[in-house]
Amino acid sequence: MLKSKVAVQLISSGMLPEDTIMLGEAYLKQWHISHSMSIVLRFGTFRKTVKIIPVPKYDGMRINQSLARQMGILSNTSLRLNYEAVSSTLSLGPLIGVLISRDYPSTPDRPFGTITMFCKELVDGCASQGAHVYFFTPNHISGSSDKLIEGWTFANGWKKTKLPLADVVNNRLTSRKLESRPSVQQFFKEMKNTHHANVFNEKFLDKMEVFDALKKDASVSRYLPESHFLRNYTTLKSMCSRYSNVFLKPSKGSLGKGIIRVSRLEGDSYQALFTTGTGTRRQVYPNLVKLFSNISTKMKTIRYQIQQGLNLIEIQKRPVDFRAVVQKNSIGKWTLTSVVARTASSQHFVSNLARGGTLSTVNEAVSRSNIFAGKEGAAKRLRTAALTIAEGIDKHIPAHFGELGIDLALDTNGRVWLLEVNSKPSKSDNTPLNQENDKKIRPSVRNVIQYSRFLSGF
């Protein structure tokens, strides 16, 4: 059985014409390609008609350096091969493009800032799986031609080069403003409609959109705390009459920014806790009308989701929640990659790492918490909930996702609740890299590559 992943060697232009490639003879026999035939060589949107020179007792491929440059390949590499006899097309790939928010050309050792290590890990993972990956920003899109784009690739160091448009694009933009740019939206549209490429994690999720969509699904709705769009005072009063505390969450927020916790005190008074960069700001109001009057100015520019407060498990009076990362695998099915517990810092009532939260395993957090029922099987219930919710997102939200960060909670009775779904899960919230072994490829990175291979047929 011939390998589908082959070593691609770059040969100097004087030794091999640009329109000719050398390939192990056994491949030509397997695909019934005659020596005199011309075929189409494809790499992403790159196409070129080439002749093939068969090489006996050789299982690799050799191509002209000039041809390799046109393809954006800067050094010897390993890639997967597919041959389609109907169109006489030999495809190399998959070619994966990762759209990131920004780059820093003035620091070539860390051109992507804090995610440079993740990007390098993706490069190493692609090398082992026979894929090729490059990284580009919205600014590169606006300067791209029909079938070429400037991007970063790794060949003995990070380098910028012109590359074909990819087979698969992973949208890792972390800014809603950047994602909503007309040039970015037009790029996604053209990639899907004109170039028949796949774009996954193509959009941010809105909290109310998620909850409204999942309410329709009986298998998911049991995980949903009562939630509404905060339109007016009546909604706030109604929720506060049913629950001793409620949360107001910006519908488009992330990292715990802008969350307000409202709690009923003695008599008619109410307390509001506001998240800030340095901790929590507390304010007491004589009645609910005064509190609403204060936050109504914020409601002019921010859409709030109002959500039932939950009696969540705590460790030493610090709230605990759980981040599950779910990803599609090599056969396109949702799989659970990791679940970690996050405990809030003593200064905050939200557990995000960006606000000083700490990570631990699920079992460790549950065993140290004040849970008084349902301790056994808690980890399994969290896993089941994460996968059920991911399938619900696929079913009810019209967009393509391959990776989701799902924030879950346990109440003191052991019941699982959904807090939020994030379509751009931060890699720092996932299992950290093993610093002793830089070559280690995390499962979350491997899955991105395997799902890209599934989408592109490699």
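Analyst: Thr153 sits in strand S10; strands (E, at least two residues) and helices (H or I, at least four residues) are DSSP runs, numbered from the N terminus. This is a predicted model, where local features need pLDDT of at least 70 and side-chain atom pairs count only at pLDDT 80 or more, while totals for chains, interfaces and linings use all residues. Numbering starts from 1 along each chain as its sequence is written, and side-chain values use heavy atoms, with hydrogens and water left out.

With a relative accessible area of 2%, Thr153 is buried. On this scale buried means under 20%, exposed over 50% and partly exposed in between, using a 1.4 Å probe and protein chains only. If you skip residues up to four places away in sequence, Thr153 touches Leu74, His132, Val133, Trp158, Lys159 and Thr161. A contact here is heavy atoms within 4.5 Å.

His132 takes us on to a pocket. The second largest pocket is lined by 18 residues, and those nearest its centre are Ser75, Thr77, Val123, His132 and Phe154. Two or more lining residues come from each of strand S6 (77-84), helix H3 (116-129), strand S9 (132-136) and strand S10 (148-154). H3 gives the largest share, four residues. The volume is about 270 Å³, taken as the space filled by probe spheres set on grid points that are joined across faces, edges and corners. For the record, a pocket is an open set of points on a 1 Å grid over the protein atoms alone, where a 1.4 Å probe fits and there is protein on both sides within 12 Å along at least five of seven lines; lining residues have an atom within 4 Å of a point. By class the lining splits into nine nonpolar, eight polar and one charged residues. In that count Ala, Val, Leu, Ile, Met, Phe, Trp, Tyr, Cys and Pro are nonpolar, Asp, Glu, Lys and Arg are charged, and the others, Gly among them, are polar.

What about cysteines? Cys119 is buried at 0% relative accessible area. Its closest cysteine sulfur, in Cys126, is 11 Å away, which is too far for a bond. Cys240 is also buried, at 2%. A disulfide is a pair of cysteine sulfur atoms within 2.5 Å, and by that rule the model has zero disulfides.

Back to S6, which also holds Glu84. Glu84 is partly exposed, with a relative accessible area of 46%. Glu84 and Val40 are 44 residues apart in sequence, yet 9.8 Å apart in space, C-alpha to C-alpha.

Now for the nonpolar packing. The largest nonpolar core has 43 residues, and Met61 and Leu90 have the most contacts inside it. Helix H6 (residues 182-193) supplies the largest share of this core, four residues. Another core lies apart from it, with 39 residues, including Phe211, Ala213, Ile397 and Leu410. Such a core is a set of buried Ala, Val, Leu, Ile, Met, Phe, Trp, Tyr and Cys residues joined through side-chain atoms within 4.5 Å. Leaving out neighbours within four places in sequence, Met61 is in contact with Val6, Ala7, Val8, Gln9, Ile21, Met22, Leu23, Leu81, Leu90 and Leu92.

Phe211 and Ala213 are also among the buried residues of H7, along with Lys207, Met208, Val210 and Leu214.

Asn201, in the loop between S13 and helix H7 (207-214), has phi near 55 degrees, a positive value in a residue other than glycine. Asn201 is buried, at 1% relative accessibility. His196, in the loop between H6 and strand S13 (198-200), has phi near 55 degrees as well, but His196 is exposed at 65%. Finally, the peptide bond from Gly93 to Pro94 is cis, with omega near 0 degrees, and Pro94 lies in the loop between strand S7 (89-93) and strand S8 (95-99).
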